[in-house]
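Visitor: Hi, I'd like to go through a structure with you. Can we take it step by step?
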Amino acid sequence: MPPDLFESFQLGDLTLANRMVMAPMTRSRADRDGLVTPMMATYYQQRADAGLVVTESVPVSAEAVGYPFTPGIHTDAQAASWTRLTDAVHGVGGRVFIQLQHCGRISHPTLLPDNATPVAHRRCDPRVKQSPMRASGTSSRRARWRPGRSSTS
């Protein structure tokens, strides 16, 4: 017989109230400094009856930001602001994990310190349309858009 969705579940040394996990979604409700807001604490507290809540993606450094108004964890103030949210979730018996992330090349200079170029495995300029990868895994020349044709043809 399959396990009951509403049974408690042991995840390492953490006991979850049930087997439901709330998947992360980008909410973009942090303030301009990447601090957790009261609205975020309320949002996650309202969903704390899931066995485990996984937060929206949280940039691990100032160079990791890829979306505006996402909560960070890389400054002391940001880390401290998470207490509001975790206290709210734990206060109603919930469990919460932060999803750590680095946006890499999909970021944009307007989101990075000093309008820096996004960090990627190779130089990238977000102002230049990058070409698609060939099937062989090597980059093709810069794609030129032509009406009625796909960029891969």
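Predicted model: local features only at pLDDT ≥ 70, side-chain atom pairs only at ≥ 80, totals over all residues.

Visitor: Okay. Which residues is L52 in contact with, leaving aside its neighbours within four places in sequence?
Guide: L52 is in contact with L11, L16, M20, V21, M22, R95, V96 and F97. L52 itself sits in strand 4.

Visitor: Is L52 buried or exposed?
Guide: L52 is buried, because its relative accessible area is 6% and buried means under 20%.

Visitor: And how far apart are L52 and L16?
Guide: In sequence, L52 and L16 are 36 residues apart. In space, their C-alpha atoms are 6.6 Å apart.

Visitor: Let's talk about the core. How many residues are in the largest nonpolar core?
Guide: The largest nonpolar core has 16 residues. M22, Y44, V53, L85 and V89 have the most contacts inside it. Helix 1 (38-46), strand 4 (52-59) and helix 2 (76-91) each supply at least two of the core residues.

Visitor: Pick V89. What does V89 touch, not counting residues up to four places away in sequence?
Guide: V89 touches Y44, Q45, A48, G94, R95 and V96.

Visitor: On to helix 1. Which of its residues are buried?
Guide: M40, A41, Y43 and Y44 are buried in helix 1. Look down the helix axis: these buried residues fall within an arc of 160 degrees, so they line one face of helix 1.

Visitor: What is on the other side of helix 1?
Guide: P38 and Q46 are there, and both are exposed.

Visitor: And what covers the buried residues of helix 1?
Guide: The cover includes strand 3, strand 4 and helix 2.

Visitor: You mentioned two tyrosines. How many aromatic pairs does the structure hold?
Guide: One aromatic pair. The rings of Y43 and Y44 have their centres 5.0 Å apart and their planes at 90 degrees, so the pair is edge-to-face. Y43 and Y44 are both buried.

Visitor: Now helix 2. What span should its 16 residues have?
Guide: At 1.5 Å a residue, helix 2 should span 22 Å. Its end C-alpha atoms are 23 Å apart, which agrees.

Visitor: Which residues of helix 2 are buried?
Guide: Q78, S81, W82, L85, A88 and V89. The buried residues of helix 2 pack against helix 1, strand 4 and strand 5 (96-101).

Visitor: Why do residues three or four places apart point the same way in an α-helix?
Guide: Because an α-helix has 3.6 residues a turn.

Visitor: What comes just after helix 2?
Guide: G93, which takes a positive phi of about 85 degrees.

Visitor: Which residues other than glycine have a positive phi?
Guide: D114 and N115 are examples. D114 has a positive phi of about 55 degrees, and phi of N115 is near 55 degrees.

Visitor: Are they buried or exposed?
Guide: D114 is exposed, with a relative accessible area of 78%. N115 is exposed as well, at 53%.

Visitor: New topic: loops. Where does N18 lie?
Guide: N18 lies in the loop between strand 2 (14-16) and strand 3. N18 counts as buried, at 6% relative accessibility.

Visitor: What does the side chain of N18 reach?
Guide: Two backbone nitrogens are among its partners. The side chain of N18 reaches that of M20 at 2.9 Å and that of G51 at 2.6 Å.

Visitor: Which other residues is N18 in contact with?
Guide: Beyond its neighbours within four places in sequence, the contacts of N18 include L5, F6, D49 and A50. N18 and L5 are 13 residues apart in sequence, yet 6.3 Å apart in space, C-alpha to C-alpha.

Visitor: Last one. Where does T37 lie?
Guide: T37 is in the loop between strand 3 (21-22) and helix 1. T37 is buried, with a relative accessible area of 15%. A polar atom of the T37 side chain lies 3.0 Å from the backbone oxygen of R29.

Terms used. Residues numbered from 1 in each chain as written. Heavy atoms only, no water. Core = buried A, V, L, I, M, F, W, Y, C linked by side-chain atoms within 4.5 Å. Buried < 20%, exposed > 50% of the residue type's maximum accessible area, 1.4 Å probe, protein only. Helix = DSSP H or I, 4+ residues; strand = E, 2+ residues; numbered from the N terminus. Contact = heavy atoms within 4.5 Å. Polar contact = N/O pair within 3.5 Å; in protein donor to acceptor, adjacent residues only side chain to side chain. Phe/Tyr/Trp six-rings, centres within 6.5 Å; stacked < 30°, edge-to-face > 60°. Expected span 1.5 Å × (residues − 1). Arc of directions from axis to C-beta.
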